[in-house]
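We'll walk through it in a few stops.

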Amino acid sequence: MRITVSVQPAKGEQTFLVVPQVRNVEAGLAIGQSDPVSVTLAGDVPTLRAVAAESIIVIVDAQGLDAGLHLLPVAITPPVGTSVVRSD
């Protein structure tokens, strides 16, 4: 007798620190150093092991902002085969 067994990669989560890209800064203004964003991804363990923080795209849009401190939302694009679980 024989049975069929399905073997699949284990699922997991991994957290990365990613420095955001700030786009659309108005002329005459500059961005100071940004703090990294903590991004937790979910996916197959082998896929997560192959992810480099640089492959996670974190974007902040500064369009229309004047000089000063601003709390802005981030847009996160995870690598193929992963999904964003949370960001801090």
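Helices (H or I, at least four residues) and strands (E, at least two) are DSSP runs, numbered from the N terminus. With that in hand, find Asn24, which is in the loop between strand E2 (21-23) and strand E3 (37-44). What you're looking at is a predicted model, where local features need pLDDT of at least 70, side-chain atom pairs count only at pLDDT 80 or more, and totals for chains, interfaces and linings use all residues. Residues are numbered from 1 along each chain as its sequence is written, and side-chain values use heavy atoms, with hydrogens and water left out.

Let's stay with Asn24 for a moment. Asn24 isn't a glycine, yet its phi is positive, at about 65 degrees. Asn24 has a relative accessible area of 43%, so it is partly exposed.

Ser34 belongs to the loop between E2 and E3, and it counts as partly exposed because its relative accessibility is 23%. Val22, in strand E2, is partly exposed too, with a relative accessible area of 27%.

A pocket is found on a 1 Å grid over the protein atoms alone: it is an open set of points where a 1.4 Å probe fits, with protein on both sides within 12 Å along at least five of seven lines, and its lining residues have an atom within 4 Å of a point. The largest pocket holds about 670 Å³ of space, where the volume is the space filled by probe spheres set on the points, joined across faces, edges and corners.

Next come the charged pairs. Side chains of opposite charge can pair when their charged atoms come close. A salt bridge needs a side-chain nitrogen of Lys or Arg within 4 Å of a carboxyl oxygen of Asp or Glu, and the count here is 2. One joins the side chains of Lys11 and Asp44, at 2.8 Å from N to O. That pair links distant parts of the chain, since Lys11 sits in strand E1 and Asp44 in strand E3, 33 residues apart. Lys11 is exposed at 67%, while Asp44 is partly exposed at 22%. Another salt bridge joins Arg86 and Glu13, at 3.7 Å from N to O. Here Arg86 in strand E6 (residues 82-87) is linked to Glu13 in strand E1, 73 residues apart.

Finally, go to the start of the chain. Ile3 lies in the segment before strand E1 (11-18) and counts as exposed because its relative accessibility is 68%. Met1, Ile3, Val5 and Val7 make a nonpolar surface patch with about 590 Å² of accessible area together. Patch residues have over 30% relative accessible area and no salt bridge, with like charges joined within 9 Å and nonpolar side chains (Val, Leu, Ile, Met, Phe, Trp, Tyr) within 5 Å; accessible areas come from the Shrake-Rupley method with a 1.4 Å probe, and for residues only the protein chains shown count as cover. Val5 is 17 residues from Val22 in sequence, and their C-alpha atoms are 48 Å apart in space.

Technical notes: Buried means under 20% relative accessible area, exposed over 50%, partly exposed in between (1.4 Å probe, protein chains only).
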